[in-house]
Amino acid sequence: MAKKVVTVRETKVCSEEYGVTTVETSGAGAHAHRRKPCRECPWRMDVPTGVFPADAFRESAPTAYDGAMKTFGCHMNKTTSVATCAGFLLRHSDNNIGIRLSLTGERIDLDTVDAGGVPVYPSYREMAIANGVPADDPVLRQVRANTDVWDHAARKWVPCDEEGDDGYGRNRRSARISANGA
């Protein structure tokens, strides 16, 4: 197996204390990821909001876009030891191409990831809004959670209705379960 190589691609400053760093990992056999949200994870609904500036959530939003290759890393990482955030995997793994490629290559096992008994935000959008990003901020238009559907009139991703209807008379959750054989 090739040696793991971590390359810092970009760092965007979001405040005096925080920034968003984009890294690329190659050569690793497994996709490094957290199994449960850490105690300070911004995905956890029981963690106080506002610890990270709203700009950090604006900069990270593209990880939750439909078809994204970049993933949301655990903020407890060092750039030499990166891992994808468990909260992100729980809510955005279906729509992130980078994660889907890791799944097909058996580099990651989502069955090993769970919320650990703590409440997590249903989507990146809701987490970002709770942390100060305005709901109508353009950066959130393309955010797509695992269960979101495309609203053709509004031209943006929206959560399924209460019953899980995808807007076409189909129940997304039951369709997904049956497609996965569960």
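## Trp150 and Trp157

In this predicted model, Trp150 counts as partly exposed, because its relative accessibility is 30%. Trp157, by contrast, is buried, with a relative accessible area of 14%, which falls under the 20% limit for that class.

## Aromatic pairs

Six aromatic pairs are found when the whole structure is searched. One of them joins Trp43 and Phe72 in an edge-to-face arrangement, with 5.9 Å from centre to centre and 90° between the planes. Because Trp43 lies in the loop between strand S2 (19-26) and H1, while Phe72 lies in the loop between H1 and H2, this pair ties together parts that are 29 residues apart in sequence. Both partners are buried: Trp43 has 0% relative accessibility, and Phe72 has a relative accessible area of 9%.

The rings of Trp150 and Trp157 also form a pair, and since their planes stand at 70° with the centres 5.2 Å apart, this pair is edge-to-face.

## Trp43 and the nonpolar core

The largest nonpolar core has 29 residues, and Trp43 and Tyr124 are those with the most contacts inside it. Helix H1 (54-60), helix H2 (86-92) and helix H4 (124-130) each supply at least two residues of this core. In soluble globular proteins, nonpolar side chains tend to be buried together.

Leaving aside residues up to four places away in sequence, Trp43 touches a set of residues including Phe72, Cys85, Phe88, Pro119, Val120, Tyr124 and Met127, together with Arg91 and His92.

Notes: Residues are numbered from 1 along each chain as its sequence is written. This is a predicted model: local features need pLDDT of at least 70, side-chain atom pairs count only at pLDDT 80 or more; totals for chains, interfaces and linings use all residues. Side-chain values use heavy atoms; hydrogens and water are left out. A nonpolar core is a set of buried Ala, Val, Leu, Ile, Met, Phe, Trp, Tyr and Cys residues joined through side-chain atoms within 4.5 Å. Buried means under 20% relative accessible area, exposed over 50%, partly exposed in between (1.4 Å probe, protein chains only). Helices (H or I, at least four residues) and strands (E, at least two) are DSSP runs, numbered from the N terminus. Contact means heavy atoms within 4.5 Å. Rings of Phe, Tyr and Trp (its six-membered ring) pair if their centres lie within 6.5 Å; planes under 30 degrees apart count as stacked, over 60 as edge-to-face and the rest as tilted.
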